[in-house]
Amino acid sequence: MNKNVIRSITGIAVLFCLLWLIGLGWAVGEYYAGTPEKIPKAKTVSQVENKKGLTIVALGDSLTRGTGDETGKGYVGVLIDEIKGKTKRPVQLTNLGINGQRSNSLRKQVQETEVGRQIQRADMVLVTIGGNDLFRGGQALMDFKTGDIATIEKKYLNNLKFIFEQIRKNNPKANVFFIGLYNPFIDLDQGREMSKVVRHWNYDSAEVSASFPKIVFVPTFDLFELKVNDYLYSDKFHPNSKGYRLIAERVASLLTW
Amino acid sequence: MNKLIQNEMMKLIAKKRLIVIAIIIGVLVMLFTYAQYKQVQTQREKLGTSDWRTILQQQIVDTTNRLSSSRITDEWKKQLQISLQQQQYYLDHDINPSEPGAPTFMRIFLENSIDLFIPLMVMVIASDLVSSEHSLGSIKLLLTRPVKRWKVLLSKYLTLCLAISLIIAIAGILSYLISGLVFGYKGWGAPILTGFNVTETGLNTSEVKLMGQWKFLLMDFGLVWFVSIVVGTLSFMLSVLIRSTAAGMGVMLASLISGAILTNMVSSWESAKYFFMVNLRLTDYMKGTAPPIEGMNLSFSIQTLFVWWAVALFVSFFVFTRRDVY
């Protein structure tokens, strides 16, 4: 073996050894002595990049997420499939739904810079909210008669108004579809009274929606009125895939291009 | 001394181990590059966009949803919360956490190979450095020369350190060149955030620093090098103590793998943090993920590894200079 080859390999190895040693020293030094710097927050990204496809943003709770759907699509997924069948343009969906989300946390979510940017780019916005505000995991069955429900509703309507304002501020043009509530407890003993409360919420929500341009209230109450159990998942709260299909078809029939 | 090192280096090169290691690393990097490429593609198809902000926002929402599930363990929940806060921080400051490009791939490759893959490569060289002299019988020839025993061992040890430096360089260079073919060679200057502090309550972002990716990478390399030296020294010690190369390798392999398993389940066994193998993931401290056991941080891990290193080195020299060779 050539002596010079070995010598140069050894030399290279020594160089790398020193380099890594410097790196190690730097890492330890920076970890302890490095001073934090102020990192500028992102400014509101104002420019909308030119896009070819159709952009859809879905906001809201577990219905937007698709909880209970065996296929995992939810009404949003089914709707997107239908849209893809009808148009040749590429469709881009941003699903920002969070399980168990209530109106106050959606209120916070729409204020985030990036969420705002997403809404800004959207051609269509889908919203489901309010179900968790009202039912609170079934607690509503106990206290729907009391005055509490009125205060809860007031807060909810307030949040809803704010959310719509925020969406319209970011994007004055996109069609917004607000999916109304259904009554999953309609078959239970207090079902009739509960329905009354749900109808009331829906009416008020529709009123709020109507006060904004191009915000469409999509009723779902009637879809689940008869044979509710055929359309509910085994938790008796979320829709199953059939239920989601019903909601998606209703929204699909409202779409215009 | 210089001559001795040259001699050891010659033996090492004649064995062609480094070439074998380079081939292994090359093949694996190709696999990882392809896997990464596929992942990026499916993500793009699924979301219909390659805009990183949209993808990151989607990841944040997905993590939030996973957090809301009641079936996850507390530790996993904490990990998720920390990564969630981190992602949100990146998004709020408009910084792409994984700027596409070969340097980012290199960084991810290093972070994932620090605790098992690179130590394994080091073992390939370290574990028979002394024991092979026994099995070949050449130890007697070596020790009959008019050179002190500790000098013989030291030359072997220094050669090991040089070889480790080379292995890490090979890993870096190969991962850069190969992944660059797919992801492009740019991205050295991309900003990276470091200095996230994981505390009891969650993620502390008050000491976050912004740095160029090249600098971050150099630090990662330094940490990987340190870990490799420690692992190399330990297997070096075993190769002095145990005459059979296979047995020494087996012991080392078992402890490395047990480390990978232990880190996933020791969070409630606090004294496990003094094992060297749970301290190997040094780059995670730079990135800011939750340590496997509460109370571990970079200086703790480095000190622990340093103690293991010093003990191993001492034992090797002590035993080697005193042992009867026959």
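**Notebook: cavities, a helix pair and a sheet**

I looked up which element gives most to the lining of the largest cavity: α6(A) has the largest share, 3 residues. I note at the start that this is a predicted model.

**Entry 1. The largest cavity**

I looked up the volume of the largest cavity and found about 150 Å³. It is lined by 15 residues, and the closest to its centre are A:Leu63, A:Gly131, A:Leu181, A:Tyr182 and A:Phe237. I then checked which elements give two or more residues to this lining, and they are α2 (62-65) and α6 (131-135) of chain A. By class I have 8 nonpolar, 6 polar and 1 charged residue in the lining of the largest cavity.

**Entry 2. The other cavities**

How many cavities of 30 Å³ or more are there? The count comes to 4. I went on to the second largest cavity, with a volume of about 60 Å³. Its lining includes B:Thr263, B:Val278, B:Asn279 and B:Arg281. I also find B:Asp284, B:Tyr285 and B:Thr289 among the lining residues, along with B:Ala290, B:Pro291 and B:Pro292. I sorted the lining of the second largest cavity by class and have 5 nonpolar, 3 polar and 2 charged residues.

**Entry 3. A helix pair in chain B**

I looked up how helix α6 (residues 117-126) of chain B sits against helix α11 (residues 245-262) of chain B: the axes come within 11 Å and cross at roughly 170°. With that angle, α6(B) is roughly antiparallel to α11(B). From α6(B), the residues in contact are B:Pro119, B:Leu120, B:Met123 and B:Val124. They meet B:Met249, B:Met252, B:Leu253 and B:Leu256 in α11(B). I count this contact of α6(B) with α11(B) as 8 nonpolar residues, no polar and no charged.

**Entry 4. The sheet in chain A**

I then took one pair: strand β1 (residues 54-60) of chain A joins β2(A) in the parallel sense over 5 bridges. For A:Ala58, I find A:Asn95 as the bridge partner in β2(A).

**Entry 5. Helices on the sheet**

Definitions and conventions. Residues are numbered from 1 along each chain as its sequence is written. Chains are lettered from A and ligands numbered from 1 in the order in which they are written. This is a predicted model: local features need pLDDT of at least 70, side-chain atom pairs count only at pLDDT 80 or more; totals for chains, interfaces and linings use all residues. Side-chain values use heavy atoms; hydrogens and water are left out. On a 1 Å grid over the protein atoms alone, a cavity is a set of points where a 1.4 Å probe fits but cannot get out, and a pocket is an open set with protein on both sides within 12 Å along at least five of seven lines; lining residues have an atom within 4 Å of a point. Grid points are joined across faces, edges and corners, and a volume is the space filled by probe spheres set on the points. Helices (H or I, at least four residues) and strands (E, at least two) are DSSP runs, numbered from the N terminus. Ala, Val, Leu, Ile, Met, Phe, Trp, Tyr, Cys and Pro count as nonpolar, Asp, Glu, Lys and Arg as charged, and the others, Gly among them, as polar. Axes are lines fitted to C-alpha atoms, for helices over the stretch in contact, and angles run from 0 to 180 degrees between N-to-C directions. Angles under 35 degrees count as roughly parallel, over 145 as roughly antiparallel, 65 to 115 as roughly perpendicular and the rest as oblique. Contact means heavy atoms within 4.5 Å. Two strands pair if DSSP finds at least two bridges between them.
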